[in-house]
Amino acid sequence: MTTYDLIVVGLGAMGAATALQAARRGARVLAIDSHHPPHDQGSSHGETRITRRAIGEGLDYVPLALRAHEIWRALEAETGETLMRTPGALLISTPGMGVAHHGKPDFLETTIEAARAFGVEHENLSPAEVRARWPQFRMRDEERAYFEPGAGILYPERCIAAQLRLAGASGAEIRTGETIRQIASWNGHVTVTTDQGTYEADRAVVCAGGWTGQLLGGVWARRLRLYRQCLHWFEPADPAAFAPERFPVFIWMYGERDGDWFYGFPVDPDFGGVKISGEQFGVETRDPDAWDRGSTRGEALACHARHLAGHLDGVPPAWLRSVACAYTLAPDSRFIVDEDPERTGVIVVSACSGHGFKHSPAIGEAAAAWALTGERPAVLAPFGLAESL
C-alpha cells in the first residue's frame, strides 16, 4: 500500500485548493472525489459566485478574503484564465431593520466596520447617489448602501478545474469517480476506503461538504444541516444596461422577515442573463445523494415575484434557466474548520454555510499548512467546533 503524506477527501472549492497548496509544499498528496469535479452535485457550481473583501459575516473572515484575492490573481497570472472579475459589489439595507444575512442582522454595519478596519476601498452611498449611478435599483429613501469597487465575481467551475490541473502538475495524484466508504484513523495513520481500494496517509483533510455528516457521523452528523438552494437567470429588457461595466454584483436586504433579501449578478459576457437568488432554510435536505438538483420555471417565477418586483427595474420575468445547489450549514452560519474529535489526524473543512467559496484558496492554504506541519494557523483559530454554537 502506498502511504501518502496527505489525503484530501472531496474536491470542490475547499478540497481543490487544499490539494494544490499541499502539493506545492512538496507533499505526497492523494486527492479523491466521488464525482468528477467540477460537478453539479454539491455546492461549488452555478457559473458565478460573489466575492467581497470586507466581510459582513464578521471581521474574522477578512484576512481570509484578502489572502484569497491575492491567490486568485496569482492563479490567473499563472494560467492565463479569467477566474475573477471585479465590477464592484453593492450592499443595500435599512438601518435598524435587522433582517439577517447569513445569520447576521448587522451585516451592512459590520461590512462597513470591516472595510474601515482593514483599509478596504469603499463608498457609503445615499439612495439618490445609487439611483443616479445605477437607475436599475429602486431604493427607498430610508435605505442606505455600501459599494466596494474591488469586489465582484468568481467563476467556480473554472477555479476548481484550474486548481486541480495545477495540483496534478505539482505531483498530486487525483482520483475521481471513487465512492468514499469510510475514513478511519489508527496508530498515528489515517485510512480512506473507497469502492476501489484503501489508502493510507499521515493526515487527511475532509472537504466533503454535504456528505460530511454521512462520512464521519458523530458531532458532524448532529451539527451540520443541508439545505437546497435555487439559482435563476432572467433575460433583461436591455442586456447592455446590465453589463458588468454598468451594473454591479449586489446583495439587498429589504424587509423584516427571514429571507427578505436577495442577491444578483450583472449579465456575464460568457453566460448571459441576470442571475438572481435568495436563500431558504425552512426545508432541510436529509440525504446528500437524493435531493432535487434541478430547479423549475415555477420556482424562478416565485423568486422573481418575491424579490425583484418593486426592487429592480429592467428585469422582467423572462426566465432563461435555473439550477440548484446545496449549503452545508453550521448552527450559527459560521465556518467550521477543525480536527475531528473522534479521528486523530483528520482535519474537517465544513461547514461553510453558504459563503465559503470566496475564501476557499486561503482556507485551502491554511488547511494544508495545518495538516503538514501539525500547527494550526492563526487565521483558522476562530472557526473551531467550540466556537460554533
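Helices (H or I, at least four residues) and strands (E, at least two) are DSSP runs, numbered from the N terminus. On that basis, the protein chain has nine helices and 20 strands. This is a predicted model, where local features need pLDDT of at least 70, side-chain atom pairs count only at pLDDT 80 or more, and totals for chains, interfaces and linings use all residues. Residues are numbered from 1 along each chain as its sequence is written, and side-chain values use heavy atoms, with hydrogens and water left out.

**Overall shape**
- The protein chain has a radius of gyration of 21 Å, which agrees with the value near 21 Å for a compact globule of 389 residues (taken over C-alpha atoms; the rule is 2.2 Å times the number of residues to the power 0.38).
- Its C-alpha trace spans about 65 × 45 × 40 Å along the principal axes.
- Of the 389 residues, 59% count as buried (under 20% relative accessible area, 1.4 Å probe, protein chains only).

**Around Thr328**
- Thr328 sits in strand β18 (residues 319-329) and is buried, at a relative accessible area of 7%.
- A polar atom of the Thr328 side chain lies 3.1 Å from the backbone nitrogen of Gly210.
- Beyond its neighbours within four places in sequence, Thr328 is in contact (heavy atoms within 4.5 Å) with residues including Gly209, Gly210, Leu226 and Cys352.

**Helix α2**
- Among the buried residues of α2 are Leu64, Ala68, Ile71 and Leu75.
- Gly80 follows α2 and has a positive phi, near 75 degrees.

Definitions and conventions: Buried < 20%, exposed > 50% of the residue type's maximum accessible area, 1.4 Å probe, protein only. Polar contact = N/O pair within 3.5 Å; in protein donor to acceptor, adjacent residues only side chain to side chain.
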